[in-house]
Amino acid sequence: MPTRLATLAAKMDQLQEYEREPVAPDKFQSARQFAGLLAGEHVAATEFVIGAFFVLHGVSLRDLLIGLFAGNLLAVASWTLVCAPIATRTRLTLYWYFRRIGGPGLMGLYNVLNGVLYCVLAGAMISVSATAVAALFGLPSPGLDELLPSSAAWAALAFLIGIAFTVMAILGFEKLSRFAVVCSPWMLAVFVACAIAVLPQLGVRSDFSNLWEVAETRIWNGQATPGQEKFGLWQVMFFAWFCNLAMHIGLSDMALFRFAPNWKYGLLSACGMFPGHLLAWICSGIMVAAIQREMNPGLMAIEAGGIAGGAAVLIAGWTTANPTLYRAGLAFQSITPNWSRWKTTALAGIVTTILACLPVFFLRLLDYVAIYGLLLMPVGAMVFAEHWIFPKLGLEQYRAERRREVVNWTALGVWIATLAFCYFLPIHLFFKWLPGYLFALAAYTAARAVTREPAAVSARGAR
Amino acid sequence: MVRVLAWVSLLACLGIPLACFWGRLSLPTYKTLLAAASLAWFVFATLAMARRGPGR
């Protein structure tokens, strides 16, 4: 078994070989390039759903504005103070850095888990795109309480779109990635355009004099839609903070920030957060209020922006599902090393397409985003502990690498224990990750301190 | 020039809904013009990107 794992790990390493070396200074990217990349990354199909859900969850205007501002600020701080400093010190991807800490076996587990989670996320994006096509053809989309497809036509539509996205991800991933760069400023413009256009329907006067009053009484009026949980300031703030938990606290954006000249480039994440996770969410909230709070992203965009609105939903789903499918394929390639990239992308695409037919993932998107971050967060905590805390406490770093362990069993134990701890914590799902993160930090540090080797053995091993 | 046209199209995507909001355009006209400005953005922005080359 250990030999098979080691063979698998060796093949997995070959896939990531080109990223093995730390980034050289001549490969550093400018602030402008970072700002552009980050701005484009955070305007996705899911923004049409998240902002609308805040309205359905009865968030008040004051809670929304304070919560989004504070939450996005905390997310920017997480990129700047947690992710970017480790990335710029190591110049490595999380793959190679966590490999030194957790061993290649644990890194493989992380990869596969991430791949499955990517499939679910891409599935949700395809479902959102399907609502746009369904609205164009007058087909019914799933209602808020429908977790399984209630209409064969909608499921068939989601399936066809999923297959189309998969084929395009296989045939033209790179071209589509370049096309996504063209799309992102336009998508944000369409969000804003659609929101402005429906304001008169909500009763806003042409001099904007009653905008605040309309926003408070007809959009974010604090009344949750029947069947939806009431959200307040803390839920909004924590959601905005953890929405990209796997990327900042979970450190997967080390892949990006290793190209930054210094850690302060983490501040540029604000270029993605505030337009995408504040402005776009506010715009989609306005749009859903204009269609009497019906959770149908396609319909709300078409009602507000016509063909351009529908195209924005479809293209947002397409351009964001494309890299997600590609990454999922890459993750699956680690467990099927003899398969070519197209086969693993096809596998990811088939899984994603089947998931896309189930509306549960986009209709429970907020919970899914929370669970996604929660599952991967312990890895970030253990890397943080090993990078910053271990040297301060005189604990040996990278023991798994020195001992050539395929799996760091302590790390695996802490990962499972953290998830169990979070599961049983009697607090709202959105708040669980923070105590979970602190638990993982403390548990991993304590476990390593208890199992530390005598200095002589450690020094001999290091030689 | 192509780049300027791309940005003009994007600005039009923001200006057209404002004209609708102020009552200068009807909702169907706004939707048609928004689609046209969007198409223009895709044409000019793609051309601008193609001219800039894959290096960026």
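Analyst: Buried means under 20% relative accessible area, exposed over 50%, and partly exposed in between, with a 1.4 Å probe and protein chains only. This is a predicted model, in which local features need pLDDT of at least 70 and side-chain atom pairs count only at pLDDT 80 or more, while totals for chains, interfaces and linings use all residues; side-chain values use heavy atoms, without hydrogens and water. Residues are numbered from 1 along each chain as its sequence is written, with chains lettered from A and ligands numbered from 1 in the order in which they are written.

User: Is A:Gln228 buried or exposed?

Analyst: A:Gln228 counts as buried because its relative accessibility is 16%. The residue sits in a loop of chain A, between helix H7 (211-219) and helix H8 (233-242); helices (H or I, at least four residues) are DSSP runs, numbered from the N terminus.

User: Which side chain makes a polar contact with that of A:Gln228?

Analyst: A polar contact is a pair of N or O atoms within 3.5 Å; within protein, one must be able to donate a hydrogen and the other to accept it, and residues adjacent in sequence count only if both atoms are side-chain atoms. Here the partner is A:His57, at 3.3 Å.

User: What else is A:Gln228 in contact with, leaving aside neighbours within four places in sequence?

Analyst: Contact means heavy atoms within 4.5 Å. By that rule A:Gln228 is in contact with A:Phe53, A:Leu56 and A:Leu144, as well as A:His57.

User: Where is A:Ala52 found, and how many residues separate A:Ala52 from A:Trp281 in sequence?

Analyst: A:Ala52 is part of helix H3 (residues 46-56) of chain A. The separation from A:Trp281 is 229 residues in sequence and 7.1 Å in space, C-alpha to C-alpha. A:Ala52 is buried because its relative accessibility is 0%. Not counting residues up to four places away in sequence, A:Ala52 touches A:Ser284, A:Gly285, A:Val288, A:Met295 and A:Met300.

User: At what angle do helix H5 and helix H11 of chain A pack?

Analyst: Axes are lines fitted to C-alpha atoms, for helices over the stretch in contact, and angles run from 0 to 180 degrees between N-to-C directions. H5 (residues 94-136) and H11 (residues 297-333) of chain A pack at about 160 degrees, with axes 7 Å apart. H5(A) and H11(A) are therefore roughly antiparallel, a label for angles over 145 degrees. The residues of the contact of H5(A) with H11(A) divide into 25 nonpolar, nine polar and one charged, where Ala, Val, Leu, Ile, Met, Phe, Trp, Tyr, Cys and Pro count as nonpolar, Asp, Glu, Lys and Arg as charged, and the others, Gly among them, as polar.

User: What is phi of A:Leu251, and what is phi of A:Arg404?

Analyst: Phi of A:Leu251 is near 70 degrees, positive in a residue other than glycine. A:Arg404, also not a glycine, has a positive phi of about 55 degrees. A:Leu251 lies in the loop between H8 and helix H9 (254-257) of chain A, and A:Arg404 in the loop between helix H15 (399-402) and helix H16 (409-424). A:Leu251 is buried at 0% relative accessibility, whereas A:Arg404 is exposed at 74%.

How values were computed
Helices (H or I, at least four residues) and strands (E, at least two) are DSSP runs, numbered from the N terminus. Angles under 35 degrees count as roughly parallel, over 145 as roughly antiparallel, 65 to 115 as roughly perpendicular and the rest as oblique.
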